[in-house]
Amino acid sequence: WTLFSPSDAPELHDKVGRAFEEAYLRYEDKVMRGELKLYKRLPAVQLWRKMLSMLFETGHPWITFKDPCNLRSPQQHTGVVHSSNLCTEITLNTGDTEIAVCNLGSVNLVAHLMTRGDGTTALDFDKLGRTIRTAMRMLDNVIDINYYAVDKAKNSNQRHRPVGMGIMGFQDCLHKLRISYASQEAVEFADRSMEMVAYCAYWASTELAEERGRYPTFRGSLWDRGILPQDTLDL
């Protein structure tokens with residue numbers, strides 16, 4: 001991989017996919033012709049190992065990838081996604097007129113386990129739905145009552161109304177369910193539980209939209225076009 005100075009390759013910041021690749025190769029060609037002096041070339045595996053070592057040692061940086069983020073972002077119609085929040089729950093738009101901010105909450109998954117009549121333990125879908133309905137309303141309220149240090153942040157938050165709702169207590173759930181963390185059962189539980197969380201969040205958001213109206217940049221978004229996040233996997 002060839003690393004460039006942003007001042008020499010400014011257009012790369014706003015390009016994704018094939019357009020990025022074509023521009024990147026043009027810059028590499030400039031290096032080969034001696035037109036660009038400030039660059040560094042290194043094996044991709046070496047850089048990847050450095051990133052993973054940093055992640056292992058410090059917990060940072062959380063890594064997400066620009067191309068799939070822009071392909072799958074519901075807000076791709078409002079500009080290029082340059083970043084996410086810290087833990088990558090939500091991709092965010094930034095630009096000359098807005099600074100991306102987001103509002104985060106976390107649902108304690110282990111608090112939603114129940115014991116069924118046969119003595120087995122499972123997630124209580126109805127309780128989870130009630131909690132997430134409350135959580136989504138709280139997060140949406142924060143957008144309106146929050147303090148914004150700069151207008152660009154307020155503008156961004158009120159236009160897109162981005163919220164990131166994560167979970168905690170996943171490992172505790174596995175412990176109570178007597179499921180090994182590194183097992184196929186754990187993967188299947190993650191799949192089922194996250195589908196529940198996503199469904200409840202979409203439904204709560206729909207209810208809020210019926211009550212409060214659609215957010216300003218809804219029109220043209222993937223939501224507006226009937227494309228849900230799971231539908232974008234094929235892209």
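How many disulfides does this structure have, counting a disulfide as a pair of cysteine sulfur atoms within 2.5 Å?

1. By that rule, the count comes to zero. Keep in mind that this is a predicted model, where local features need pLDDT of at least 70, side-chain atom pairs count only at pLDDT 80 or more, and totals for chains, interfaces and linings use all residues. Residues are numbered from 1 along each chain as its sequence is written, and side-chain values use heavy atoms, with hydrogens and water left out.

2. Cysteine 69 is buried (under 20% relative accessible area, with over 50% being exposed and partly exposed in between; 1.4 Å probe, protein chains only), at 13% relative accessibility. Cysteine 200 is buried too, at 7%.

3. Serine 221 is also worth a look. At 0% relative accessibility, serine 221 counts as buried. A polar atom of the serine 221 side chain lies 2.6 Å from the backbone oxygen of phenylalanine 218. Leaving aside residues up to four places away in sequence, serine 221 touches (heavy atoms within 4.5 Å) Pro74, Gln75, His77 and Tyr215.

Note on methods: Disulfide = S-S within 2.5 Å. Polar contact = N/O pair within 3.5 Å; in protein donor to acceptor, adjacent residues only side chain to side chain.
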